[in-house]
Amino acid sequence: RLFVDAPLDAGGRIALEREQGHYLGNVLRLGAGDSILVFNGHDGEWRAQIEGRKRPEHLALTEQTRPQETPCDLHLLFAPLKHARLDYMVQKAVEMGASLLAPTLTQFTQVSRVNTERMRANAIEAAEQCGILNLPGIDEPQPLARRLSERDGQRLLIFCDEAAPQADPLAALGAEAGKIKGLDVLIGPEGGFSEEERALLLRQPRLVRLSLGPRILRADTAAVAALALVQAALGD
Ligand code: SAM
């Protein structure tokens, strides 16, 4: 499956970028007459036939194979991590259907600059691999207090807190089913939230303070665990 940044409609024809032509021709060893599946994140999935003399140059769209899916309204708010762990977190968030990736700066966040272009490239690669048709939005980094002050109070805030009392997560989340406008899952930095941040978070409306078990998980592990639980309890 290939992501193309172009409108997809019947009879459409897409000029391949050089590296896409190289990938199809040299890596996948495909040529004129072969067909592949393409998506652009909003027009569903299409079958396309490869055209080109020496190497793949164009794609001719033949038929829509899957309609565009309705994305979950599931935002992942997370303290940015260093490269490989951030790459992993982005990849898993895409697989879990996150519709927005929102880097959130906290007192103990160890990363100051976030490469959102790298995040987008990883999101596209994850979507190509797992077959999801929706690409998540990628927000610019914001401090925690500002993100909380700007969020819609109708959305459910799922604060993943290793200090939370152990409770049945599916029951806690399930109790909110049917009443929510959207879901914000918040994961802290490797150094955890400060006491001031925890106090600010516990004052938020529509809050579920979620324990992911008795062990301290790495932030990227916690993101996967939380998104899996949320999808299991509330996924549509
Ligand atoms: N404060 C932790 C400590 O004492 O070492 C470190 C934070 S942990 C590495 C990073 C983030 O993952 C936390 O801020 C929290 O959001 C989430 N997390 C980790 N383990 C968790 C658990 N058992 N339950 C809920 N959230 C957890």
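Ala 228 is placed in helix α7, which spans residues 219-234; helices here are DSSP runs of H or I with at least four residues, strands are runs of E with at least two, and both are numbered from the N terminus. The structure is a predicted model, in which local features need pLDDT of at least 70 and side-chain atom pairs count only at pLDDT 80 or more, whereas totals for chains, interfaces and linings use all residues. Residues are numbered from 1 along each chain as its sequence is written, and side-chain values use heavy atoms, with hydrogens and water left out.

The secondary structure of the protein consists of seven helices and twelve strands, and its C-alpha atoms fill a box of roughly 65 × 35 × 30 Å along the principal axes. Of the 236 residues, 47% count as buried, where buried means under 20% relative accessible area, exposed means over 50%, and partly exposed covers what lies in between, with a 1.4 Å probe and protein chains only. The protein exposes about 11,800 Å², of which carbon and sulfur atoms supply 50%; accessible areas come from the Shrake-Rupley method with a 1.4 Å probe, and for residues only the protein chains shown count as cover. Among contacts (heavy atoms within 4.5 Å) between residues at least 6 apart in sequence, 74% join residues at least 24 apart.

The protein carries 27 positive and 32 negative side chains, and the centres of these two sets lie 3 Å apart. In this count Lys and Arg are positive and Asp and Glu negative, while His and the chain ends are not counted; each charge is placed at NZ of Lys, CZ of Arg, CG of Asp or CD of Glu.

The axis of α7 and that of helix α2 (residues 83-95) come within 9 Å and cross at roughly 5°, which makes α2 roughly parallel to α7. Axes are lines fitted to C-alpha atoms, for helices over the stretch in contact, and angles run from 0 to 180 degrees between N-to-C directions; angles under 35 degrees count as roughly parallel, over 145 as roughly antiparallel, 65 to 115 as roughly perpendicular and the rest as oblique. On the α2 side the residues that meet α7 are Arg 85, Tyr 88, Met 89, Lys 92 and Ala 93, and their counterparts in α7 are Ala 219, Asp 220, Ala 223, Val 224 and Leu 227.

Ala 123 is found in helix α3 (residues 116-130) and counts as buried at 3% relative accessibility. When residues up to four places away in sequence are set aside, Ala 123 touches Val 90, Val 94, Leu 135, Pro 136 and Ile 138.

Most residues other than glycine have a negative phi. Arg 29, although not a glycine, has a positive phi of about 55°; this residue lies in the loop between α1 (18-27) and β3 (35-39) and is exposed, with a relative accessible area of 67%. Arg 206 likewise has a positive phi, near 50°, and is located in the loop between α6 (195-202) and β12 (207-210), where it counts as partly exposed at 24% relative accessibility.

Arg 206 is touched, as is Pro 205, by Gly 153, not counting residues up to four places away in sequence. Gly 153 occupies the loop between α4 (144-150) and β10 (156-160) and is partly exposed at a relative accessible area of 30%, and its C-alpha atom is separated by 8.2 Å from that of Gln 204, 51 residues away along the chain. Arg 53, in the loop between β4 (45-51) and β5 (58-66), counts as exposed at 75% relative accessibility; Arg 53 and Pro 103 are 50 residues apart in sequence and 44 Å apart in space, C-alpha to C-alpha.
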